[in-house]
Amino acid sequence: MSTYLLFGVRTCMPLLLLPILSHRVGRDEFGVVLAVQSLGLLGSVLTEYGFHYAAARELGLANDGHDIARIVSRTFFSQLLLAALTLIIVGLSALLTPVLSASPVAIVSAILIAVATGLAPVWYFRGVGKASWAIAIEAFGQFVALGLMFCLVRAPRDAPLAMSFMAIGPCCSFVLGYAITLRRGVAILRVRMSDVLSELRAVFSLFLVRAGSSFYTVAAIWITALLSSTNQVAYYGVASKLGGLLVALYQPVSHVMVPRAARLAQEAPGLLRREAVRWGSCMVVFGLIVVAIIHAVIAPVISLALGDDMRPAIAVAEVLSWVCVTAALKEAASCFYLIPYRQDRLMSASVIAAGLLNLGLAYVLVPAKGAMGMAWSRLICELFIVVVFLAFAIFGAMDWRRTSPRPVVD
């Protein structure tokens, strides 16, 4: 409950950005700001590299302070190496995006969002059972960005300021996160390059999962910017932000349960099965309630908060609302079976296939249907990945009683 209370604050603050930016910078500039954020979040996947799950899983199994220091050190230096690569890739991607290439501020902001978001030690707090701390640190960064935008962004000419403030928030979270980590007595040990490369190879499958899923989640706004106009970017961005913030309410469950599920997979697979059924059912029911609420209130909310020129986003939001149900099934399958039983390669293959499917569908649907085409592409990909995940989780669950779980620790 404490985790959800903090997560509720973290979830509500970005909602306040939507009316501020929509009214103050205008629809077209609003679309550019959302494209910068989308590209930055896509780039952060490379820096984060799957450590949000892998490092949290290993920390949940750590036996003493030296184990924790070793895991933290290897993860930090691995991500630092990836951050340099992220800087180059995000910068080139911004230069190749028509709506961003003319603005140096947009390019630099996308790079900072990517690097700072990826480097934030969210995985550490999850792994040591302090998931609420991780959420509070992210909320602090969002609060800083929101305050700056509310005070200083006034007109369309201030769009570069909005992009800069969008990048300042993750930077604050990154600095605060590592400051708290070090004050908790975690030592940063010397790490050899061979250890870093070994760590990257070990987590590569989970990185593929994150990379594949990003192409039908956070990258969708940027893909829309590549294939359509800025007003369509704004429509899809508003709809995906509203729906995405609700989908994100599933994250505290995975934050809290992944380390616990990893231990149960080793020690009590029967109990893990019951936890999966209980939490999965609750998450699906919550998703259906969210769908009903969105269909009931989305039209007046968008009209009143964002203005009549954003009304085309209503239909897009109604389509994307069903992602709340698919996300519940996907999170339950991955959190309670695929991740604890180290089915990383299976997850990566499935999610990469979904990401490629989304790119193909977007190439066909977005030029013709704009934001609505991107919404249908996203929903189809979500349905595909849910079918695959559930199939493997259900058939795998049949073996939980008959087969000893694979050892989590070597």
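Is arginine 154 buried, partly exposed or exposed, and what is its relative accessibility? The legends below take this residue up again after a look at the whole chain.

This is a predicted model, in which local features need pLDDT of at least 70, side-chain atom pairs count only at pLDDT 80 or more, and totals for chains, interfaces and linings use all residues. Residues are numbered from 1 along each chain as its sequence is written, and side-chain values use heavy atoms, with hydrogens and water left out.

**View 1. The protein chain is built with 17 helices and zero strands.** Helices (H or I, at least four residues) and strands (E, at least two) are DSSP runs, numbered from the N terminus. The radius of gyration is 21 Å, close to the 22 Å from the globule rule for 410 residues, so the chain is as compact as a globular protein of that length. That radius is taken over C-alpha atoms, and the globule rule is 2.2 Å times the number of residues to the power 0.38. Along its principal axes, the C-alpha trace spans about 60 × 45 × 35 Å. Of the 410 residues, 56% count as buried; buried means under 20% relative accessible area, exposed over 50%, and partly exposed in between (1.4 Å probe, protein chains only). Among contacts (heavy atoms within 4.5 Å) with a separation of 6 or more, 84% come from residues 24 or more positions apart.

**View 2. Arginine 154 sits in the loop between helix H7 (131-152) and helix H8 (159-183).** Here is the reply to the opening question: arginine 154 counts as exposed, at 51% relative accessibility. Its side chain reaches the backbone oxygen of cysteine 151 at 3.3 Å. This is a polar contact, meaning a pair of N or O atoms within 3.5 Å; within protein, one must be able to donate a hydrogen and the other to accept it, and residues adjacent in sequence count only if both atoms are side-chain atoms. Tyrosine 124 is 30 residues from arginine 154 along the chain, and their C-alpha atoms are separated by 38 Å.

**View 3. Aspartate 28 and arginine 27 meet through their side chains in a salt bridge.** The N to O distance is 3.9 Å. A salt bridge is a side-chain nitrogen of Lys or Arg within 4 Å of a carboxyl oxygen of Asp or Glu, and by this rule the count comes to seven. Aspartate 28 is partly exposed, with a relative accessible area of 38%, and arginine 27 is partly exposed too, at 28%.

**View 4. Helix H3 (residues 65-95) holds both aspartate 67 and arginine 70.** They lie three residues apart, about one turn of the helix. The two form a salt bridge, with their closest N and O atoms 3.9 Å apart. Arginine 70 is partly exposed, at 32% relative accessibility.

**View 5. Aspartate 195 forms a salt bridge with arginine 192.** Their closest N and O atoms are 3.5 Å apart. Aspartate 195 counts as buried at 14% relative accessibility, whereas arginine 192 is exposed, with a relative accessible area of 57%. Through shared partners, salt bridges join Arg74, Arg192, Asp195 and Glu199 into one network.

View 6. A disulfide is a pair of cysteine sulfur atoms within 2.5 Å. The closest cysteine sulfur to that of cysteine 172 is in cysteine 171, 7.0 Å away and too far for a bond. Cysteine 172 is partly exposed, with a relative accessible area of 22%.
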